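The sequence and structure come before the notes.

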Amino acid sequence: MKEGGLSPSSSAAPPPLSLSLTLSLSSLRLLFFSVQWQVGRRGDIQPPILDPMYIMLPKIAATANSPPSAAAVASHKAAVRHQPPSAAAAAQVDEMVVRVGYVVKPSRQADFVKRGAFPETPTENGLTFVPVMFNRPLEFQLQGVDVILHKATDEIVAVEPSGSTCAAMRITFSEGMNELLSYLEGHPDYCVIDPIDKIYPLLDRQMMQQILLELEDISTGTPSKIRAPRFLKVDTFDDPDLAENLSDAKMCLPAIIKPQIACGVSHAHSMAIVFEMEDFPGLPVPVPAIIQSTPNASVLSQSSANSGSRAIVFDSLKSLPTEEKPNADIGSSAESSKPMLDVELVSSAAIWMKQRLGLTIFGFDVVVQLGTGDHVIVDVNYLPSFKEVPDGVAVPAFWKAIRSAYDSRKAK
């Protein structure tokens with residue numbers, strides 16, 4: 001309402017009204033979102049950001065024996081619409097909403113917006129999302145932000161592994177990301193998902209493999225176990241002792257070859273599957289590299305034998321090696337012995353990794369090995385797209401993780 005409108009002396013007070021129940025704060029939220037959705041269904045009307053009527057509803061008195069008439073309810077609503085909300089009521093509603101400023105590359109933003117993961121209006125658990133852009137003053141953008149969500153790996157210019165610790169890793173970020181990090185150093189009260197240093201282990205595949213070795217301590221009482229794949233770091237593919245080193249690491253071919261640096265550089269996703277020792281010399285995968293055992297290697301070997309293929313080189317961001325017409329015998333054999341995913345085991349691993357890495361939002365790829373039923377974690381990523389998970393499952397879980405992290409931080 002504009003200043004200079006109805007004064008207390010010129011507007012009638014709303015008629016007294018009683019209800020047979022007390023409206024809780026959650027009821028207010030549900031009512032507000034319900035009305036917002038109903039109004040938003042009409043293409044010619046935009047959903048209201050806030051309506052004084054819905055702010056004032058909790059002020060309605062409650063008694064057990066005096067239900068209001070329909071006329072009284074309508075009269076009360078009409079009167080309340082002409083009264084501005086009190087500062088306390090407005091603050092109460094504002095307290096419920098957590099503003100999340102996100103820093104991601106444009107293509108990722110477009111994907112998340114398309115899937116409804118970055119809504120501008122409040123989610124069911126009270127989150128709103130706004131983009132943070134480096135071509136505008138950060139201080140102005142972050143004034144109304146409670147949480148900063150980032151995919152910092154999108155802003156990495158260079159990574160140099162140096163030793164076996166995160167502190168020794170040399171990471172060069174973009175100018176905009178450096179400005180954001182500098183700003184956050186001066187404003188430590190912000191809730192950041194996730195702290196930048198917590199993502200460092202995911203940038204180095206050797207470091208991540210070492211952490212995953214600790215997974216074998218997890219037990220859920222089932223015959224299956226979850227573990228890291230066997231691996232070997234190499235600085236050259238021309239080492240005459242390579243075959244012996246692979247044997248000492250209890251590895252055999254075929255194997256997948258990955259650069260040690262997992263992201264942030266152009267060649268981080270240049271990989272290969274090697275079937276014979278003769279495939280290593282001249283392999284176009286950057287070194288240092290990680291040779292990683294492949295679960296269900298026997299199926300790959302049979303497939304390779306039938307197709308006559310040698311090393312398969314690919315970019316994991318653009319394509320993955322597939323066989324368009326798999327051999328019928330291989331397919332039927334694999335299908336007949338196909339083990340089931342142990343959800344409890346994988347969930348236990350997710351909880352363990354969350355605590356071990358100190359991360360809120362991450363994903364990992366699991367391959368169930370034929371025969372043994374071992375669950376092998378072959379890759380871990382920070383803030384992945386979750387495209388393999390239905391949006392109806394992934395998006396609410398995404399919102400819940402952010403809200404939980406914020407509430408936990410605020411409670412400290």
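The model is predicted: local features require pLDDT of at least 70, side-chain atom pairs count only at pLDDT 80 or more, and totals for chains, interfaces and linings use all residues. Residues are numbered from 1 along each chain as its sequence is written, and side-chain values use heavy atoms, with hydrogens and water left out. Helices (H or I, at least four residues) and strands (E, at least two) are DSSP runs numbered from the N terminus. Buried denotes under 20% relative accessible area, exposed over 50%, and partly exposed the range in between (1.4 Å probe, protein chains only).

**The open sheet**

- An open sheet is formed by 5 strands in the order β10-β13-β11-β12-β14, with antiparallel pairing; two strands pair if DSSP finds at least two bridges between them.
- At the edges stand β10 (231-234) and β14 (312-315), each of which pairs on one side only.
- From one strand to the next the twist averages 25°, where axes are lines fitted to C-alpha atoms (for helices over the stretch in contact) and angles run from 0 to 180 degrees between N-to-C directions.

**Strand β11 and its neighbours**

- Strand β11 (residues 255-259) pairs with strand β12 (residues 270-274) in the antiparallel sense over 3 bridges.
- Across this pairing, Ile 257 lies opposite Ala 272 of β12, and Ile 256 has Ile 273 as its bridge partner.
- Strand β13 (residues 289-293) is joined to β11 by 5 bridges, and the two run antiparallel; Ala 255 has its bridge partner in Ser 293 of β13.
- Strand β11 is mostly covered, with 5 of its 5 residues buried.
- Ala 255, Ile 257 and Pro 259 point one way from β11, while Ile 256 and Lys 258 point the other way.

**Helix α8**

- Helix α8 (residues 205-212) is largely enclosed by the rest of the structure, because 6 of its 8 residues are buried.
- The buried residues of α8 are Arg 205, Met 207, Met 208, Gln 209, Ile 211 and Leu 212.
- These buried residues pack against β10, β11, β12, β13, α12 (343-357) and β16 (375-382), contact being heavy atoms within 4.5 Å.
- The N-terminal end of α8 is capped by Asp 204, a side-chain oxygen of which lies 2.9 Å from the backbone nitrogen of Gln 206.

**Gln 292**

- Gln 292 belongs to strand β13 and is buried, because its relative accessible area is 4%.
- The side chains of Gln 292 and Gln 209 are joined by a polar contact of 2.7 Å. A polar contact is a pair of N or O atoms within 3.5 Å; within protein, one must be able to donate a hydrogen and the other to accept it, and residues adjacent in sequence count only if both atoms are side-chain atoms.
- The side chain of Gln 292 also reaches the backbone oxygen of Val 378, at 3.5 Å.
- Not counting residues up to four places away in sequence, the residues that Gln 292 touches include Phe 231, Met 251, Ala 255, Ile 256 and Lys 258.

**Salt bridges**

- The structure holds 8 salt bridges, each defined as a side-chain nitrogen of Lys or Arg within 4 Å of a carboxyl oxygen of Asp or Glu.
- Arg 356 and Glu 214 form a salt bridge through their side chains (3.0 Å, N to O). This pair links distant parts of the chain, 142 residues apart: Arg 356 is in helix α12 and Glu 214 in the loop between α8 and β9 (226-227).
- Both partners are partly exposed, Arg 356 with a relative accessible area of 37% and Glu 214 at 32% relative accessibility.
- Asp 111 and Arg 115 meet in a salt bridge of their side chains (3.3 Å, N to O); Arg 115 is buried, with a relative accessible area of 19%.
- In a further salt bridge, the closest N and O atoms of Arg 403 and Asp 407 are 3.2 Å apart. These two residues are separated by about one helical turn, because they are 4 residues apart in helix α13 (residues 391-411).
- Arg 403 is buried, with a relative accessible area of 16%, whereas Asp 407 is partly exposed at 34% relative accessibility.

**Cysteines**

- The count of disulfides (pairs of cysteine sulfur atoms within 2.5 Å) comes to 0.
- Cys 191 is buried at 5% relative accessibility, and Cys 263 is buried at 17%.
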